Amino acid sequence: MDKRLNTILFILGATLFNVIVAVISFIILALFYGNFIISLIPESGQAWGFSLVFLASIAISILVYRIVLRYFLTKIDVEKYFDPLFVRRNVKKP
């Protein structure tokens, strides 16, 4: 496989991993909220809980993604296996 294909597969895999972590964290937080916390909140504020659960699951997925990516980058030589996403083109000024 060439570097470009490795880069595309890595981006697709990392995106899928991020979505899966977000869904799993949303399910866990929603179950925790629905079983334990919702009874402690007044009825007028219970609807905000799922919004906070959704935002917390996104934050958790970003945090887990950054930790796993940092670990991955220490183990793999990025320049050897991946193509750069953004290439700086030399533009000649007149």
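Helices here are DSSP runs of H or I with at least four residues, numbered from the N terminus. By that rule, Leu 52 lies in helix α2. The model is predicted.

Helix α1 spans residues 3–37, and α2 spans 47–75. Both helices contribute to the largest pocket, and each supplies at least two residues of its lining. The space in this pocket amounts to about 160 Å³. Its lining consists of Thr 7, Phe 10, Ile 11, Leu 69, Phe 72, Leu 73, Val 78, Phe 82, Asp 83 and Leu 85. By class, 8 of these residues are nonpolar, 1 is polar and 1 is charged. Asp counts as charged, and Asp 83 is part of the lining.

A nonpolar patch was found on the surface. Its members are Val 19, Val 23, Phe 26, Ile 27, Leu 31, Phe 50, Leu 52, Phe 54, Leu 55, Ile 58 and Ile 62. Together they present about 990 Å² of accessible area. Helices α1 and α2 each supply at least two residues of the patch. The largest share comes from α2, with 6 residues. Leu 52 is one of the patch members. This leucine has a relative accessibility of 57% and therefore counts as exposed, the cut-off being over 50%.

Asn 6 lies in helix α1. Its relative accessible area is 15%, so Asn 6 is buried; the limit for that class is under 20%. Asn 6 and Leu 52 are 46 residues apart along the chain, and their C-alpha atoms are separated by 36 Å.

Technical notes: Residues numbered from 1 in each chain as written. Predicted model: local features only at pLDDT ≥ 70, side-chain atom pairs only at ≥ 80, totals over all residues. Heavy atoms only, no water. 1 Å grid on protein atoms, 1.4 Å probe; cavity = no way out; pocket = protein on both sides within 12 Å on 5 of 7 lines; lining within 4 Å. Points joined across faces, edges and corners; volume = space filled by probe spheres on them. Patch = residues over 30% accessible without salt bridge, like charges linked within 9 Å, V, L, I, M, F, W, Y side chains within 5 Å. Areas by Shrake-Rupley, 256 points an atom, 1.4 Å probe, with all protein chains shown as cover. Salt bridge = Lys/Arg side-chain N within 4 Å of Asp/Glu carboxyl O. Buried < 20%, exposed > 50% of the residue type's maximum accessible area, 1.4 Å probe, protein only.
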